[in-house]
Amino acid sequence: MNYNPNEIEAKWQQYWAENQTFKASNNSDKPKYYVLDMFPYPSGAGLHVGHPLGYIASDIVARYKRHQGFNVLHPQGYDSFGLPAEQYAIQTGQHPAITTETNIKRYREQLDKIGFSFDWNREVRTSNPEYYKWTQWIFIQLFNSWYNITADKAEDITTLITVFEKEGNASVKAVCDEDVAVFTAEEWNGFTGEEQQKILLQYRLTYLAETEVNWCPALGTVLANDEIVNGVSERGGHPVVRKKMTQWSMRISAYAERLLEGLNRIDWTESLKESQRNWIGKSVGVSVTFNVKQSDATIEVFTTRADTIFGVAFMTLAPEHDLVAQITTEEQQAEVAAYIEATAKRSERERMADVKTISGVFTGAYAEHPFTKEPIPIWIGDYVLAGYGTGAVMAVPCGDERDYAFANFFKGTNGMPEIKNIFSPLTANGEIDTSDEVIKEEAFAAKQGFVLKCSDFLDGLGYKEATQKVIEELEAIGAGKAKVNYRLRDAVFSRQRYWGEPFPVYYVNGMPQMIADEHLPIRLPEVEKYLPTETGEPPLGNATVWAWDTANNEVVANDKIDHETVFPLELNTMPGWAGSSWYFNRYMDAGNTEEFASQEALNYWKDVDLYIGGSEHATGHLLYSRFWQKFLFDKGVVPVDEYAKKLINQGMILGNSAFVYRTEDAKTLVSKGLIGDKTVYPIHADLTVINDVTNELDIEAFKAHPLYQDYQDAEFILEDGKYIVGREVEKMSKSKYNVVNPDDICAEYGADTLRLYEMFLGPLEQAKPWNTAGMTGVSGFLKKLWRLYTTDNGFEVTDAEPTKEMYKVLHQTIKKATEDIENFSFNTSVSQFMICVNELGKLKCNHRAILEPLAVLVSPYAPHIAEELWAGLGYEGSIAMVAYPKFEEKYLVESSKEYPVSFNGKMRFKIELSLELSVPEIQEIILADERTKAQLNGREPKKVIIVPGKIINIVG
RNA sequence: GCUCGAGUGGCGGAAUUGGUAGACGCGCUGGAUUCAAAAUCCAGUUCUUUCGGGAGUGUGGGUUCGAUUCCCACCUCGAGUACCA
């Protein structure tokens with residue numbers, strides 16, 4: 001009776017679907033376990049073998065935990081809003097909803113073939129109105145909240161209004177816009193409703209503001225910082241420019257410290273946490289205020305090196321700094337204007353690529369040193385970034401590389417002073433090094449190994465003491481204070497796209513108004529065209545039925561807009577990360593129409609025990625979702641403020657590209673071994689036209705392939721009568737023709753083989769190349785496993801008592817498989833299964849007492865065959881909930897050990913000795929052994945090390 | 001530049017409270033079976049060797065009876081990030 005994977009896999013997949021085997025209940029006496037995959041964007045290309053890697057790992061854990069007696073939540077869904085479906089709509093006119101539906105169907109078919117134990121009853125789709133209703137609802141919650149620094153949490157905006165009414169805003173400590181004017185209670189109460197709304201907008205956690213955004217002209221939309229890679233868009237690689245626009249923003253900066261702190265409480269990889277820490281970019285320093293001479297303006301700078309304040313030689317403002325226009329003197333006006341214009345023209349990318357070139361101009365103005373009162377020339381320069389700190393720096397050439405380079409470059413012009421040194425370097429034993437005068441060639445940027453000089457009251461102090469002292473002095477004269485600065489910027493939340501969540505927002509006199517919760521969802525309107533309008537408005541500007549009727553609370557035609565009861569709706573949509581920032585909570589109670597999720601469900605499942613997904617989301621999804629979770633926690637909606645206890649990043653599966661080599665004239669194709677020193681150009685060969693094992697090109701298939709029509713008449717230069725292709729490991733991608741489709745693998749070898757092989761390939765977190773040839777290994781393993789339970793006549797097992805050896809192998813395997821699964825070391829447990837089956841095969845084991853637990857052990861990895869074997873053993877129903885076998889130490893206890901005997905650390909021979917023997921007894925036996933004498937060759941052993949049960953080492 | 005991670009056979013990889021380096025699989029070699037092939041099974045497979053051995057986990061040093069594992073310095077590759085004041 002042969003193992004026929006196609007037949008049994010289809011059968012059990014149908015069984016699981018019909019019997020709802022993996023349906024999770026929100027009520028159970030069992031402990032809960034929540035295993036989550038990052039849900040996919042359903043792209044038109046379908047899945048390749050790299051995609052399911054993480055899903056297979058999480059499925060193994062989910063199935064293992066079910067065997068262990070947990071109530072397991074293992075859901076799946078689709079992040080179904082996004083750019084590709086919209087771009088397809090622009091090209092073809094097909095509605096993105098149709099494209100998305102088709103792609104999801106394809107994804108589902110592919111996923112089903114691999115035999116995942118997902119609870120599809122809880123499927124979510126971010127583009128489904130029943131889902132995005134709650135995304136809109138969360139947006140409204142954010143709008144109706146402010147961040148109270150004193151309480152260190154988000155609170156309802158009404159608590160802020162209460163304070164304003166009683167005390168004004170002077171005493172309010174909130175995370176808000178920087179330029180909020182101070183007002184009293186009387187003033188507040190005297191403001192018009194509109195004025196009050198404007199002020200509140202400066203406090204809300206999501207707010208409308210004119211901000212400088214990353215505008216991508218090619219995509220016609222704004223991009224978030226994490227959607228830009230090397231100055232071009234992550235999608236498509238289009239150039240990105242800075243542009244001022246009125247946009248919704250999320251006040252994620254309010255949560256900077258808590259996002260940082262929370263990292264200490266979660267078990268995520270160190271590198272991922274480090275990425276988030278860098279992205280948040282906390283730096284502890286001092287804010288110093290400089291007065292501008294002959295002006296009432298002041299310049300605030302942020303510095304981490306306040307100790308160097310007596311080394312300040314000049315100040316540099318970012319060209320975009322607000323004060324530039326105000327302080328620039330008449331003589332310098334033309335030069336400054338020209339410089340600003342020149343910088344604005346340079347794209348972010350050029351500016352980044354070209355860090356070596358020093359440029360800047362003098363404003364003509366001077367600031368006043370807070371202590372010495374000496375004049376300090378104020379320059380502008382593009383090495384100072386408007387977006388970081390205050391967009392202004394105090395420049396200390398002797399202590400900072402960039403300041404040094406700038407000062408050196410402009411030395412002697414416009415009052416740029418000579419570089420002055422304020423550091424006395426210390427020798428290794430802490431004495432002042434008088435022999436060496438530093439700061440001749442470069443800045444002294446270290447924070448240790450010096451004491452200050454020429455620094456008034458700071459003379460003789462090191463970095464720490466000086467910083468402490470200068471903060472005290474600055475505070476005493478009111479010119480500065482300690483400050484913590486974060487790199488993390490508020491996140492722009494508007495996108496000029498069609499295929500995203502519409503905002504539940506309409507505008508009255510330009511002021512945004514929220515639509516009441518009970519009228520949600522606000523559904524995406526139909527449009528004729530998915531492109532921006534002729535007037536440059538976002539695609540929703542094409543909608544004709546997109547106005548809000550406040551009398552009837554419904555969306556109505558635009559021509560009804562009268563700005564009295566009918567108002568225009570927001571034309572932007574939400575970004576891709578909106579829907580993915582809370583979906584893990586929705587799975588807990590996916591069908592709920594009354595609430596985001598019920599309190600019972602949220603309290604029962606609480607958080608994700610294991611989250612598996614790619615590391616590319618480190619500073620996007622994984623940061624935004626933590627932010628929303630903390631906000632929802634503050635509002636009492638969710639019970640925990642970190643939603644994923646443990647996170648694992650699966651590595652990428654790389655493609656194994658094949659190449660043919662053409663000559664310059666494209667008339668000849670040269671086999672790989674014959675290239676020699678000929679000039680040839682590699683062309684990707686589709687994997688369907690080569691033999692994956694022998695690397696031989698199927699020339700007929702190649703010529704017949706539509707991609708290679710240009711080579712119909714080409715001459716093939718063969719080696720040994722064959723054309724051998726070159727191979728190279730690259731990212732798996734359609735454009736490299738190295739994609740392997742899991743459907744093909746399932747059809748040829750079966751899903752269980754695919755699952756085992758993906759795990760067997762190597763450690764989950766590591767990138768590793770795919771090699772279809774290796775499939776035969778695991779395929780052979782499953783056949784051998786099958787043969788243990790069967791004969792030519794069908795299933796045949798014995799109830800006889802197994803031998804000691806059989807028990808030993810089984811329990812070794814239980815031990816290893818359990819440990820490995822707990823450590824997510826899936827590759828090594830597959831090895832152990834192979835060892836086990838090889839051993840049992842040699843022992844001719846067909847004993848029920850061994851084969852029953854073995855089926856359960858294998859079941860998380862290869863569930864279909866496990867089900868079939870379980871049925872073959874005579875059981876009704878699924879193996880999925882059968883208790884996991886228990887490891888018993890007694891089966892592994894040994895009475896003797898084969899000791900390795902080393903001489904000077906090199907293993908030379910082995911000797912079987914009883915474990916009962918004492919150290920002196922072992923020594924006596926070993927020294928009397930002939931092989932020892934031969935090794936020593938007459939020398940006396942200097943030392944004999946015996947570690948009982950482990951090793952013997954003789955030094956001599 | 002900085003941060004994090006990784007360097008082990010022809011290939012994927014295994015082994016770390018320091019204790020037999022190369023488990024398991026691919027590939028390769030030889031054999032059995034077969035009319036033949038596929039499939040299957042058996043044996044071998046780090047390198048080198050004068051068959052006694054010798055060398056060997058990126059390189060150089062150190063600690064140790066003993067180092068892939070710990071320490072120092074360096075090299076290479078990958079990922080992230082960057083004029084961050």
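Student: What should I know before reading the labels?

Tutor: Residues are numbered from 1 along each chain as its sequence is written, and chains are lettered from A and ligands numbered from 1 in the order in which they are written. In this predicted model, local features need pLDDT of at least 70, side-chain atom pairs count only at pLDDT 80 or more, totals for chains, interfaces and linings use all residues, and side-chain values use heavy atoms, with hydrogens and water left out.

Student: Why is Thr 533 called buried?

Tutor: Buried means under 20% relative accessible area, exposed over 50%, and partly exposed in between (1.4 Å probe, protein chains only). Thr 533 has 13% relative accessibility, so Thr 533 counts as buried. Of the 956 residues of chain A, 53% count as buried.

Student: What does Thr 533 touch?

Tutor: Leaving out residues up to four places away in sequence, Thr 533 touches Pro 538, Gly 541 and Asn 542. Contact here means heavy atoms within 4.5 Å.

Student: What makes Glu 368 and Lys 293 a salt bridge?

Tutor: A salt bridge is a side-chain nitrogen of Lys or Arg within 4 Å of a carboxyl oxygen of Asp or Glu. For Glu 368 and Lys 293 the closest N and O atoms are 3.9 Å apart, and the pair forms a salt bridge. Glu 368 lies in strand β14 (residues 360-368) and Lys 293 in the loop between β11 (283-292) and β12, so the pair ties together parts that are 75 residues apart in sequence. Helices (H or I, at least four residues) and strands (E, at least two) are DSSP runs, numbered from the N terminus.

Student: Why is Glu 368 called partly exposed?

Tutor: Its relative accessible area is 22%, so Glu 368 is partly exposed. Lys 293, at 28% relative accessibility, also counts as partly exposed.

Student: Are Asp 307 and Arg 305 buried or exposed?

Tutor: Asp 307 is buried, and so is Arg 305. Their side chains meet in a salt bridge at 3.1 Å, N to O.

Student: How many salt bridges are there by this rule?

Tutor: The count comes to 37 salt bridges.
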